[in-house]
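Welcome to a short tour of this structure. Have the sequence and the coordinates open as you read.

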Amino acid sequence: MTAPSSIQVKRFFSKVVLIGLVVFICDFGIGHALKFFYFHQESGLLYRTTYAIDSTTAEVLVFGSSRANHHYVSGLISDSLHCTVYNTGRDGNFILFNFALFKSITRRYHPKMVI
């Protein structure tokens, strides 16, 4: 068996670099497209979580799992307390998710009350 020539070695490394470049460009492009679509959602669970972290300035925040999501009506709480309310409740997510969400929100602003 003969040793590969320098031309074969150069050709091999040029193919490896080309494949790596194509993978990098595809990864970069797909990542930017997914980021664009994620941050331009207008409804749904991920939109509500992103809105809670990035945009809400409600005076009262409601945290919890499906009970908070389905049973605590923001409009009724808002009418009773005479302040703005945002319900961050999400089905199937408990204390760890809510604590992480709370920490993310309070880095940006501090609500007057948390339920």
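Predicted model: local features only at pLDDT ≥ 70, side-chain atom pairs only at ≥ 80, totals over all residues.

## Buried threonines

A residue counts as buried when its relative accessible area is under 20%. T56 has a relative accessible area of 2%, so it is buried. It sits in the loop between α2 and β1 (60-62). Setting aside residues up to four places away in sequence, T56 touches Y51, L61, Y86, R108 and Y109.

Now for another threonine, T88: buried or exposed? T88 is buried, at a relative accessible area of 7%. You will find T88 in the loop between β2 (85-87) and α5. Not counting residues up to four places away in sequence, T88 touches R48, A52, L61, V62, F63, L101 and I105. With V62 there is a polar pairing to look at: a polar atom of the T88 side chain lies 2.7 Å from the backbone oxygen of V62. For a sense of scale, the C-alpha atoms of T88 and S14 are separated by 51 Å, and these residues are 74 apart along the chain.

In soluble globular proteins, nonpolar side chains tend to be buried together. Here, the largest nonpolar core has 8 residues: A52, A58, L61, F63, Y86, L101, I105 and Y109. There is also a second, separate core of 6 residues, among them V60, V62, A68 and V85.

Which residues does Y109 contact, leaving aside its neighbours within four places in sequence? Y109 is in contact with T56, T57, A58 and L61.

## Where α2 meets α5

Helix α2 (residues 45-54) and helix α5 (residues 95-108) have axes that come within 7 Å and cross at roughly 40°. Because of that angle, α2 is oblique to α5. On the α2 side, the contact involves T49, A52, I53 and D54, and these meet F97, L101, S104, I105 and R108 of α5. Sorted by class, the contact of α2 with α5 holds 5 nonpolar, 2 polar and 2 charged residues. A52, L101 and I105 are also members of the largest nonpolar core, and T88 touches each of these residues as well.

## An exposed histidine

Finally, take a look at H82, in the loop between α4 (74-81) and β2. H82 has a relative accessible area of 71%, so it is exposed. Its backbone is worth a glance too: phi of H82 is near 60°, a positive value in a residue other than glycine.

Terms used. Residues numbered from 1 in each chain as written. Heavy atoms only, no water. Axes fitted to C-alpha atoms, helices over the stretch in contact; angles between N-to-C directions. Helix = DSSP H or I, 4+ residues; strand = E, 2+ residues; numbered from the N terminus. Parallel < 35°, antiparallel > 145°, perpendicular 65-115°, else oblique. Contact = heavy atoms within 4.5 Å. Nonpolar A, V, L, I, M, F, W, Y, C, P; charged D, E, K, R; others polar. Core = buried A, V, L, I, M, F, W, Y, C linked by side-chain atoms within 4.5 Å. Buried < 20%, exposed > 50% of the residue type's maximum accessible area, 1.4 Å probe, protein only. Polar contact = N/O pair within 3.5 Å; in protein donor to acceptor, adjacent residues only side chain to side chain.
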